[in-house]
Amino acid sequence: MENIRIQDDLYESVNGSWLKDAKIPADRPTAGGFSELDINVEKLLMNDFKEFNEGKKETSIKEMNDAILIYKKVLDVNKRNSDGIKPLLEILEFIDGIKDINDLNNKLKDLLLNSLPLPFECGVTADMRDAKLNSFIILGPSIILPDTTYYEKDNEAGKALLSIWQSMAENALKFTNLTEEEQKIYLKDTLEFDSLIAKKVKSQLEWADYVKNNNPMNLDDVSNYLKPLDFKKFLKSLYDKLPKEVIVYDLKAIKEFNFYFNENNFILYKHWAYVKTLIQASNFLSEEMYEISTTYKKALTGVEKNPVIEKQAYQLASRLFSEPIGVYYGRTYFGEEAKKDIISLVKKIIDMYKIRVKNNEFLENKTKEKAILKLSTIEIKMGYPDFINKVYEKINVKEEDSLLKSYLDINKILLLNNFDKLYKPVDRTEWQMPGHMVNACYNPSSNDITFPAAILQKPFYSIDQSISENLGGIGAVIGHEISHAFDNNGAQFDEFGNLCNWWSEKDYNNFLQLTQKMIEQFDGIEYHNGKVNGELVVSENIADNGGMAVTLAIMHTIKEADFEKYFKNWAKIWCMKAKEEYIALLLTNDVHSPAKLRANIPPRNFNEWYETFNVCEKDLMYIEKDKRIIIW
């Protein structure tokens, strides 16, 4: 791939040399871009945890002490190997001991708070209709394979993955007290129950239409659908006062609940819960059981081997104590100078977005005013939170407890914290992402953007990079997240985060037409052994398009603007090398387009691309003017 002309392939021209020589770490599915930064942050924090463990370093953040204890428990392989499956046996016996549906109804809360699989999933989150309030939500249970499409008869990848999962479960069941015949029955019933669920739950494409999660339903109606489960009894075990309604996130799964859960297949559910619990819990047991329990995940992502034990220890601590570790990372490694500079850039991008909305040609003035109001009220969360959520103060990891028990106890506290929010106002100060995560997001329910400290590094951002490079990197990503306020999902929420139609009918129809063009621009593009589903990835493509539009507009206001550096850094941030298995998974499940397409397709919609590199009809990175799309 040497000497690729930039006019033919921006991505390969900029990243080709790196892609040719880069090696994907054996314990990861990708390398480059976001992954490279994540690896560096992980190395940094792993070293800190090592020094904490050895007493060479201390932290003033008291919530970190329990994270360090979890880290130590993972490292204590002698105890874990000696205990084997013993820490789990009582839990498996509890599941096995559920006699019938009446008994199950009495134990639903225990199942929930011990992270054991229920026939449905539930939680508490901000109400789409009134973002100041919390609502109880319910959806169907999770399936084994990544998406419902994997269960289709002609899906060979699904058959292969299910076979690998089955083999993994067979090996894990050998550690239990079940007889060989019982093991076969439990596994057969698990797969049968999973196949029933897969016929009723949403696909990833359906989940991508976020607004369709909003299905308020009277509690009596939900309770009737969930029979023979006593849903009201379950809620009474959690609350003194029952909610009048429940938000059903997956209508089909709940309305047809009786299809996969009833008195006749109660035993299928029980065996399914047993086997799923066994595999999930094996992550916290002996080294041998851990290795077995990760077989399917490795096959799914193409990962060759599991992380070394020190990395496993850090990763679990990071998962359970994400906010305290993120605050520690932010306070220790993120400078105030960079924070001020990046906030200034965000405000500059929002101001330019307002100008672009004001000059927009498909919106009426009233709709423009509403859009500008929404931009004016976007809250900026940059770096890391100012304080740590008080829920972490309730955690008390005991040295004598097994790793599994400690994990379940922590999870119970976090679960209760979530369910306790139901009758409390939404806490808009909560962060969607921790400070050490290499990512960014927009939350439509609170109209805020979050940029963790970890992403604010080269090539995305550096005070040492030129403004052109920063605009092509973090600037375009900031513009991307702002654009989510006006993508096919975000556009349906107002400035307060409420689901609300603030558009005129004419304007919204114009927007939908542009959205359809964006779907068509990506739909069906062949990528490796699959094709892009334009509908699945449309929200992220709208955001990429908006992020590029607003930052290119800013480039025209900068005296020292260098459009070549802008586009080259844009291509650089999407640089990624991935395992084929992982690429196949992303094409089915991810709402983002493949990294190469994110680098190569958005620039083609803008005149600046053609002018900067003299791109013309004979070049592969050219598209006709009437097919170019700019929404925001």
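**Salt bridges, buried polar residues and backbone exceptions**

A total of 32 salt bridges is counted, a salt bridge being a side-chain nitrogen of Lys or Arg within 4 Å of a carboxyl oxygen of Asp or Glu. The structure is a predicted model, in which local features need pLDDT of at least 70 and side-chain atom pairs count only at pLDDT 80 or more, while totals for chains, interfaces and linings use all residues. Residues are numbered from 1 along each chain as its sequence is written, and side-chain values use heavy atoms, with hydrogens and water left out.

One of the salt bridges joins the side chains of Arg 598 and Asp 544, with an N to O distance of 2.9 Å. The two partners are 54 residues apart and belong to distant parts of the chain, Arg 598 to helix H27 (residues 595–600) and Asp 544 to helix H24 (residues 538–555). Helices (H or I, at least four residues) and strands (E, at least two) are DSSP runs, numbered from the N terminus. Arg 598 is buried at 8% relative accessibility, and Asp 544 is buried at 2%. Here buried means under 20% relative accessible area, exposed over 50%, and partly exposed in between (1.4 Å probe, protein chains only).

Lys 62 and Glu 63 form a salt bridge with an N to O distance of 3.7 Å. Lys 62 is exposed, at 52% relative accessibility, whereas Glu 63 is buried, at 8%. A further salt bridge, of 3.2 Å from N to O, connects Lys 132 with Asp 130. In this pair Lys 132 is exposed, with a relative accessible area of 56%, and Asp 130 is partly exposed, with 23%. Salt bridges also link Asp 27, Arg 28, Asp 38, Glu 42 and Lys 311 in a network.

Lys 132 is also involved in a contact (heavy atoms within 4.5 Å) with Pro 425. Apart from neighbours within four places in sequence, Pro 425 is in contact with Lys 132 and Asn 134. The C-alpha atoms of Pro 425 and Lys 132 are 5.7 Å apart, although 293 residues separate the two along the chain. Pro 425 is located in the loop between helix H21 (403–419) and strand E7 (441–443) and is exposed, with a relative accessible area of 65%.

Asp 147, in the loop between strand E3 (134–139) and helix H7 (156–173), is buried but has no salt bridge. The nearest side chain of opposite charge is that of Lys 202, 11 Å away; Lys and Arg count as positive and Asp and Glu as negative, and His and the chain ends are not counted. The side chain of Asp 147 does make a polar contact of 2.7 Å with that of Thr 149. A polar contact is a pair of N or O atoms within 3.5 Å; within protein, one must be able to donate a hydrogen and the other to accept it, and residues adjacent in sequence count only if both atoms are side-chain atoms. With residues up to four places away in sequence not counted, Asp 147 touches Ser 203, Gln 204, Thr 588 and Asn 589.

Asn 605 is positioned in the loop between H27 and helix H28 (607–613). Asn 605 is buried, with 4% relative accessible area, and its contacts beyond four places in sequence include Gln 521, Asn 545 and Lys 627. Asn 607, in helix H28, is partly exposed at 45%.

Helices H19 (residues 336–358) and H22 (residues 467–483) pack with their axes 10 Å apart and at an angle of about 65 degrees. Axes are lines fitted to C-alpha atoms, for helices over the stretch in contact, and angles run from 0 to 180 degrees between N-to-C directions. Residues making this contact include Ile 342, Leu 345 and Tyr 353 of H19, and Leu 471, Gly 475 and Gly 479 of H22.

Most residues other than glycine have a negative phi, and most peptide bonds are trans. Ser 115 has a positive phi, near 60 degrees; this residue lies in the loop between helix H6 (101–113) and strand E2 (121–126) and is partly exposed at 22%. Asn 447, in the loop between E7 and E8, has a positive phi of about 50 degrees and is buried, with a relative accessible area of 0%. The peptide bond between Lys 227 and Pro 228 is cis, with omega about 20 degrees, and Pro 228 falls in the loop between helix H10 (219–225) and helix H11 (231–238). A cis peptide bond also runs from Lys 458 to Pro 459, with omega near 0 degrees; Pro 459 is in the loop between strand E8 (448–452) and H22.
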